[in-house]
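Colleague: I have some labels to check. Please tell me what stands behind each one.

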Amino acid sequence: MLATRVDGVILDAPAASFGDVLDEAAEFRSLPVAGLDIPESLEDVAKLFVAWRYGVDYKAVDYTDKDGLIKVPLLTLQGSADETVPAAHAERLFAVAAEPRQLKMLAGGLHRLRLDERATKLILEWLVNEWKD
């Protein structure tokens, strides 16, 4: 059973918009064998296929410009060298969260922050400090 109350949220390399992540990922990749840039038309077809095959509603997973979306204490962790979700996504989600909130950018950190000891340390410190009373 899910909890009926949330006292805090930790976001680890969050995506502010799933559709934007797909678009941005294509910018850093090329077509296999040919080595050419991925054309926007192919990106659009891929997004349509994902929506059809997996039932993805891109508007439902776009949290951009939703002020006050998170109303509990927030810790956002993001790697500055994340190759999957650009750091701008963490900044966009952080911007729509209410106080108290913290954004920790890990220099050189990649997408899988759960493997980064710095992230673990920051999470533990945040948990202790946020609920020390």
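Modeller: Let us begin with salt bridges. A salt bridge is a side-chain nitrogen of Lys or Arg within 4 Å of a carboxyl oxygen of Asp or Glu. This is a predicted model: local features need pLDDT of at least 70, side-chain atom pairs count only at pLDDT 80 or more, and totals for chains, interfaces and linings use all residues. Residues are numbered from 1 along each chain as its sequence is written, and side-chain values use heavy atoms, leaving out hydrogens and water.

Colleague: What makes Asp 116 and Arg 118 a salt bridge?

Modeller: Their closest N and O atoms are 2.7 Å apart. The limit is 4 Å, so the pair counts.

Colleague: Why is Asp 116 called buried?

Modeller: Buried means under 20% relative accessible area, exposed means over 50%, and partly exposed lies in between (1.4 Å probe, protein chains only). Asp 116 has 15%, so it counts as buried.

Colleague: Now the rings. Why is the pair of Phe 18 and Tyr 58 called stacked?

Modeller: Rings of Phe, Tyr and Trp (its six-membered ring) pair if their centres lie within 6.5 Å; planes under 30 degrees apart count as stacked, over 60 as edge-to-face and the rest as tilted. By this rule there are two aromatic pairs. The centres of Phe 18 and Tyr 58 are 5.9 Å apart and their planes are at 10 degrees, so the pair is stacked. This pair links distant parts of the chain: Phe 18 is in helix H1 (residues 18–27), Tyr 58 is in the loop between H2 and E2, and the two are 40 residues apart. Helices (H or I, at least four residues) and strands (E, at least two) are DSSP runs, numbered from the N terminus.

Colleague: What makes the pair of Phe 49 and Trp 52 tilted?

Modeller: Their centres are 5.7 Å apart and their planes are at 50 degrees, so the pair is tilted. Both sit in helix H2, three residues apart, which means about one helical turn between them. Phe 49 is partly exposed at 44%, and Trp 52 is exposed at 67%.

Colleague: How do you know that the span of H2 is close to the expected one?

Modeller: The expected span is 1.5 Å times one less than the number of residues. H2 (residues 40–54) has 15 residues and reaches 21 Å from its first C-alpha to its last, close to the expected 21 Å.

Colleague: Last, the sheet. How do you know that E1 and E2 pair?

Modeller: Two strands pair if DSSP finds at least two bridges between them. E1 and strand E2 (residues 74–79) have four bridges, in the parallel sense, so they pair.

Colleague: Why do E1 and E3 count as edges?

Modeller: The three strands form an open sheet in the order E1-E2-E3. Strand E1 (9–12) and strand E3 (101–106) each have a single partner strand, so one side of each is left without a neighbour in the sheet.
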